[in-house]
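Please consult the sequence and the structure while reading.

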Amino acid sequence: MSSLQSSIDRRTYSDNIPHPRLASEQNFYIADPNLEYLLVRYLPTELHEWAKSQLTELGAYVAGPMDERAAYTDREGKPRLRKYNRLGEDVSEIVTNEGYKETVAAIYGAGIVRHLYHPVPELGRTVPYTYSFLMGYLVSQTEPGFYCPVTLTMSAAYLIDRYGDEEQKQKYLSGLTSSDRASLYEGATWLTERQGGSDVGANATVAQAVEGRPGVYRLTGEKFFASNAGAMVATVLARIDVEQPGTKGLGLFLVPWVKPNGDRNQIQVRRLKDKLGVNAVPSAEVLLEEAEGYLIGQPEKGFKYMAEALNLSRICNAVASIGIMRRALYEAQYYAHERRAFGSPIDQYPMVRQMLVELLLDVEVSSGAIFDMLQVYDRLQSPDGNKEDLALARLLIPVLKYRTGEEAVEAAHTAIEIHGGNGFIEEYVTPRLLRDAQVLTVWEGTSNILALDLFRVMQKENAHHVFLIKMRERVEGWSHDLSRPFAQLVVAELAVLEENIAYLLRQSPHYVSSKLKALANHMADLYSLTCIVSEAEDQAISHGDVRKYILARLYVNKHMHKTTKRGIQEDQLLDVHFFAELMEYRPVSREAWESVISATVHE
């Protein structure tokens, strides 16, 4: 061995590349004080101590053994298709690696789906969706590809619980909500067909009733992008009435991989998709050859049911996005602190600090917006939900899914840049974050589809009126004097939003569609700002900590202020001045805040 290599091995030549952190020393829950804040803010009080204990344990698991397995799955252990057995019979078996199976056992075993339907023994009650999404946020920091099957299982359970008959619930819901790997039925929702894509009304899969067996159909057709292929339970849209075009002719069916008599259903997997990212989830082209399916609910409401499940999946998608954003920040912050250039750690330089704070800003603000929206969604699962909640949820879900998907891609990109050349190397997690983030802008609806869905809920349910009312009510409820400037800004922007909506409703469809994403962005800006200011007021009143007001001001600077002089002059550099307080979640006194706000000369 050369003397140079020996020096490198002994770390006596140069030791300026940050060493990997020990898995045993990492915990994604403990490393994220804002997550505990959201837990306390949004979960019922009686769940707090139990949830903290459970998420602390999960935080160590996802940062340790699960993270190692995720890296292996992505590079070497992707799912593979075993198409035929030795007799030449089509078995279409999806084979996953053993580490992935251990992840399945651990995460479902922790109750990510089960606790929504079965009382937790220690609590004597079920948990709200908010808790499951806190788990999903941690899981997605390690393996958003695996969170996709969890999402689909959650969606299938939702549909069968809400609209399935008693026989379907008895046979399949217990498996979908199991925490035991041996009895677990993973779920899938197969929607997309090649001729339609997002145009679900163009779907051509046909369902023919089986004579003498009420509710039983034979499904024939192709699902061109079937995620979690091989799942025990798939919920599938198929056309019951071939004379009825569009979505109105579609019914919803439960299609099991294995029929109740033990025979494998007539489902064939043509091939697995070779994807850019999220390699943990097997996505496939699936053929249904008179596959046996069982009608869920009323035959004419299939698309309506699936749209409800799609909203749940979109929330999961947004949660996965903020999980990726948080991991990007986690990796970039560590690397910048450990890497030295020109004599100092690179996180001492203002430009790097600004990049890190922008990562923090996006993930903290958007996480707050997501979990605030989830309070509306959780109310809809209870008797307390009303039409206003339904309209607001249907507006916020596509808007926040759109915003967080774009932010996740940008966060992963920024983390790579902070790492420099090393960030582009597959031995680091950053390339996988970028690849996995990219699909989240496509899954469950592209930005164009989400914008169209926003407009649809505005037209059909006047959701924009509900949004405007709720935002004004929130602003009127602020009492801290530091909230006043933000309140004035939000009120003025709401007036602009209302004017723009009234204008658009008078324009041609082509003009309207060209402005829908701008409208969605304006709504996302306003909602997210009101969430972070509400959090800031909460902390200022309860603890005298104005740290989140700094984030609110930075958010306004990024999204809502028209800068003069291109922002070059008279910048208060809040991200640089309060770098340590922001990144390390240190309290900030009002005096410190005001000393910087009032300053006019900057170093």
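## Annotated regions and domain contacts

In this predicted model, residues 301-456 form a span that is 78% helix and 3% strand, and its end C-alpha atoms lie 18 Å apart. An unreviewed UniProt entry annotates residues 301-456 as "domain: Acyl-CoA dehydrogenase/oxidase C-terminal". The UniProt record, again an unreviewed entry, also places the feature "domain: Acyl-CoA oxidase/dehydrogenase middle" at residues 188-289. For residues 188-289, the content is 0% helix and 45% strand, with the end C-alpha atoms 18 Å apart.

Strand β4 (residues 206-209) and strand β5 (residues 216-227) run antiparallel and are connected by 4 bridges. Within this pairing, Ala 209 stands opposite Tyr 217 in β5. How many residues lie between the strands of the hairpin of β4 and β5? There are 6 residues between β4 and β5, and in this hairpin Gly 212 takes a positive phi near 85 degrees.

The domain assignment is a separate description of the protein. It gives domain 1 (23-81 + 90-177), domain 2 (187-300) and domain 3 (463-602). The centres of domain 1 and domain 2, taken over C-alpha atoms, are separated by 25 Å. At their interface, 29 residues of domain 1 are in contact with 31 residues of domain 2.

Together, domain 1 and domain 2 bury about 2,300 Å² between them, and 68% of this area is on carbon and sulfur atoms. Ile 94, Leu 152 and Tyr 172 supply 24% of the area that domain 1 buries against domain 2, which is more than any other three residues supply.

What kinds of polar interaction are found across this interface? Between domain 1 and domain 2 the count of salt bridges is 0, whereas 6 residue pairs are in polar contact across the interface. On the side of domain 1 that touches domain 2, the elements giving two or more residues are α4 (65-75), β1 (80-84), β2 (90-95), α7 (144-163) and α8 (166-176). Of that side, α7 provides the largest share, with 12 residues.

Definitions and conventions:
Residues numbered from 1 in each chain as written. Predicted model: local features only at pLDDT ≥ 70, side-chain atom pairs only at ≥ 80, totals over all residues. Heavy atoms only, no water. UniProt positions renumbered as here; feature names shortened; annotations may be inferred. Pairing = 2+ DSSP bridges. Domains from an automatic or database assignment. Contact = heavy atoms within 4.5 Å. Buried area = accessible area lost by both parts, 1.4 Å probe. Salt bridge = Lys/Arg side-chain N within 4 Å of Asp/Glu carboxyl O. Polar contact = N/O pair within 3.5 Å; in protein donor to acceptor, adjacent residues only side chain to side chain.
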